[in-house]
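Visitor: Please show me around this model. I am new to it.

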Amino acid sequence: MTQTRAALRPTVLTALLAALLSVLLAPAPASAASLQEVTGFGSNPGALKMYRYVPDGLPAGRPVVVALHGCTQNAAGYASGTGWTTLADRWGFSVVLPQQQSGNNLSQCFNWFEPADIRRGQGEAASIAQMVDRQLADVSGDPSRVYVTGLSAGGGMTAVMMATYPEKFAAGGIVAGLPYGCAQAAGTAYVCMYVGATQTPAQWGDRVRAARPGYTGPWPALTVFQGTADYTVKPVNMTALVDQWTNVHGADRTADVGDTVAGYPHRVYRGPGGNAVVETYSLTGMGHGQPVDPGAGDAQCGAAGAYFLDVNLCAAYRLGKAWQLG
């Protein structure tokens, strides 16, 4: 037995050394994707910053989501707070995150109410459109599956992008936002936010049609999330958004679907072709912010915080499902 043990010692030692070397020499695991700033994406007339999130190994031909933060927020906080980056990893799409600069707006709000920033080919709207073009080129994204969404001022700018560049977006998601041309119709941004503008559906629709003269469609579909206890952007703005975009799509203002999702009233308005063109979630008792539902469940996403409100419904997930991202 002594001789057998002695004979085994070199073999055991060799095996241990080999195992140790295999650990030391193994390639490091691939680093997780992170938010990256992109410079030189165009003439950038709106003087915005561009950030993006691209999951590791993302194949060509995947969708792109443009996500616009609210006032006092930034790209990184909105990316994680909403849950968009988590869903991008899960479902396989990239996210473009424009960021406002204090030189443009002291509260870092996107200027959804400034005429120079809400016209095609000008200001912040043109900068965001340039970001979309750069992203599609860099990741070989699917130009027919580009979506835009945002909170509050970012929601107002979402309406701007849908109106001024409708050919670039398949759909939009507005969270506590405002219809296109609202400040002009109301006289000031504050009247629009706190009171709302008095316009007929046709007048609202005309504002969108005038933003892209001669364009006849297809128009982006719209989903709206609005808290009933929002005193910063009054719920009347969701009604105006429904009026505006049903008119643009040639749909009536009678919901074709009326049910509840996670306990909240949910409505779907269908266009002449039978497809959903406007969808709304009325979040009973919710104040001003992005609906999130933190957790590891399939329908859960986002993180609670300032203007990220845990209401057991994640807006990013609902939008992703409506847009067939996953």
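**A walk along the chain**

Visitor: Which residue in S9 stands opposite Gly-258?
Guide: The model is predicted: local features need pLDDT of at least 70, side-chain atom pairs pLDDT 80 or more, while totals for chains, interfaces and linings use all residues. Numbering runs from 1 along each chain as its sequence is written, and side-chain values use heavy atoms, without hydrogens and water. S8 and strand S9 (residues 264-270) pair in the antiparallel sense over five bridges (pairing takes at least two DSSP bridges). In S9, the residue opposite Gly-258 is Arg-267.

Visitor: How many helices and strands are in the chain?
Guide: Both are DSSP runs, numbered from the N terminus: helices (H or I) of at least four residues, strands (E) of at least two. The chain has ten helices and twelve strands.

Visitor: In what order do the ten strands of the open sheet stand?
Guide: The pairing in this sheet is mixed. Its ten strands run S1-S2-S4-S3-S5-S6-S7-S10-S9-S8.

Visitor: Which strands stand at the edges, and why is one side of each left without a neighbour?
Guide: Each edge strand has a single partner strand, so one of its sides has no neighbour in the sheet. The two are strand S1 (36-38) and strand S8 (257-261).

Visitor: Which residues of helix H10 are buried, and what do they pack against?
Guide: Buried means under 20% relative accessible area, exposed over 50%, partly exposed in between (1.4 Å probe, protein chains only). In H10 (residues 315-322), Ala-315, Ala-316, Tyr-317, Leu-319 and Gly-320 are buried. They pack against helix H2 (75-82), helix H3 (84-91), S5, S6, S7 and strand S11 (290-292).

Visitor: Which residue with a positive phi follows H10?
Guide: Its phi is near 55 degrees. H10 is followed by Gln-324.

Visitor: Is Gln-199 buried or exposed?
Guide: Gln-199 is in the loop between helix H7 (189-194) and helix H8 (201-211). Its relative accessibility is 19%, so Gln-199 counts as buried.

Visitor: Which residues does Gln-199 touch?
Guide: Contact means heavy atoms within 4.5 Å. Ala-185 is 14 residues from Gln-199 in sequence and 7.5 Å from it in space, C-alpha to C-alpha. Not counting residues up to four places away in sequence, Gln-199 touches Ala-185, Trp-204 and Arg-207.

Visitor: What percentage of the chain's residues is buried?
Guide: Along its principal axes the C-alpha trace spans about 100 × 45 × 40 Å. The chain has 326 residues, and the buried part is 51%.
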